[in-house]
Amino acid sequence: IIFSVLSIGFSFLARRAKMTSNGEPLTKKYKAGAEPADVEQAYVLAKQRYLNIGINTDTAIEKALAISISLNCWQADDVRGLETLPQKLDGGILATGNYIGVPRTAAELRQDLAKAISLIPGSSRVNLHASYGESGASAVDRDQLKPEHFSGWLKWAQSQRICLDFNPTYFSHPKATDGFTLAHPDDDTRNFWIRHGIACRRIAEHIAKQQGSPCLLNWWIPDGSKDLRVDRLGPRQRLAQAYDQIFDKSLGIDPKLCVDYVEGKLFGIGSEEYVVGSAEFYTGYAISRQVGLCLDMGHFHPTETIHDKIASHLLYIPRLLLHVSRPIRWDSDHVVIFNDDVRAVFQVIHRCSAWDKVSVALDYFDASINRVAAHVIGTRATRKAILYALLEPVELLEQHERAGRFTQRLALLEEQKSMPFGAVWDMLCLRAKVPVGDAWIPELEKYEESVQRPRK
């Protein structure tokens with residue numbers, strides 16, 4: 001009797017979980033997306049609202065779609081890579097979660113990336129790590145990598161009509177287990193990683209030639225110490241010298257094809273007390289050598305934001321690369337969302353008229369949710385922030401500022417938050433021929449069931 005009562009109770013609760021507060025099935029209350037006619041109608045009204053403050057929404061949509069966002073391939077497989085002899089993930093990098101459907105091969109990885117790109121509006125690129133080369137059954141160490149090991153990626157990118165970016169991989173390798181690579185005190189170890197860096201620059205140059213577009217090459221290393229470090233200068237001297245060798249002009253690598261950026265970090269797992277490549281080191285290196293600087297949103301103090309750094313760096317550094325991410329209390333690399341920090345970054349770029357000096361890439365990895373969905377959510381959120389910035393009446397705001405009308409400036413900034421931005425975003429998606437609103441979710445659910453779930 002007790003068992004029967006409990007069964008009836010659980011059955012009732014299960015039915016209730018599938019009902020709304022009115023007792024109706026959720027599927028009857030929910031419809032994903034929006035009809036094109038409804039999008040068009042809402043856009044007509046929104047367009048006039050923005051026109052009233054001097055903003056042409058058609059122009060903003062066109063520009064927002066043209067700005068490239070580079071998707072990080074390592075979100076798709078938890079930073080596992082494709083090396084013949086895979087190594088345990090280290091270097092302070094940690095992917096958490098165990099959601100179904102992780103790709104097992106290069107073909108599955110590219111399949112997932114293609115699906116994500118099909119649901120994202122605007123110009124997309126894909127950002128590769130050197131550990132994603134394909135050498136077949138032969139093990140090729142990282143200092144021996146060649147363009148041929150990325151021919152599969154180039155062929156795929158050409159079929160998708162997208163471009164590739166690149167990164168050396170200075171982690172998850174037997175020669176990186178003690179926490180040092182380019183700043184290593186051992187000459188042989190350090191020279192191995194210098195050779196790896198030069199190999200990566202040649203690969204990036206080759207990719208650029210093949211795709212007819214520069215290949216952005218970002219440099220991040222995990223070098224640092226867990227606890228108190230006495231010699232804090234020596235490792236930085238070695239790192240600067242190593243980069244000077246890698247970027248040596250005598251190598252004949254075209255800097256207009258292989259476009260280099262260096263990336264600092266506050267701390268990592270295993271380098272909590274001392275990081276060789278700090279923000280100060282890389283800022284100084286970028287200014288003195290006139291190479292690009294990468295700003296990762298999670299590589300600073302927990303409450304520190306990067307938007308105001310952009311306007312300062314643009315005075316002295318030729319170009320910037322953004323790694324858009326979402327740190328929660330540390331460099332947790334959560335999926336990007338359309339929040340204040342992300343909006344502020346792109347507002348500064350727009351206000352500085354610096355779209356031609358700043359490139360946009362993503363850097364996060366979350367295995368607790370569908371990995372393809374993580375790509376879609378983060379990239380769409382970044383594109384939203386770009387559009388949001390382009391819809392800001394900068395000229396009018398600056399007029400108020402120059403005239404000392406600070407009341408009007410603050411009031412107008414606040415009123416922008418309730419402008420019909422959503423209607424303009426929906427039109428952007430409609431024109432890009434991707435799902436409008438949440439219409440991409442059912443499509444992703446079908447992909448999960450038919451493609452990702454069967455993977456073992």
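Here is what to select, and what you'll find there.

A word on the ground rules: this is a predicted model, where local features need pLDDT of at least 70, side-chain atom pairs count only at pLDDT 80 or more, and totals for chains, interfaces and linings use all residues. Residues are numbered from 1 along each chain as its sequence is written, and side-chain values use heavy atoms, leaving out hydrogens and water.

**Stop 1: helix α12.** Select residues 371-390. Helices here are DSSP runs of H or I with at least four residues, and strands are runs of E with at least two, numbered from the N terminus. The end C-alpha atoms of α12 are 29 Å apart, which agrees with the 28 Å that its 20 residues should span at 1.5 Å a residue (the expected span is 1.5 Å times one less than the number of residues). Of those 20 residues, 18 are buried (under 20% relative accessible area; exposed is over 50%, partly exposed in between, with a 1.4 Å probe and protein chains only).

**Stop 2: E40.** Jump to helix α3, residues 36-51, to find E40. E40 has a relative accessible area of 41%, so it counts as partly exposed. Leaving aside residues up to four places away in sequence, E40 touches M427 and L430 (contact means heavy atoms within 4.5 Å).

**Stop 3: W330.** Look in the loop between β9 (320-324) and α11 (340-351). W330 is partly exposed because its relative accessibility is 30%.
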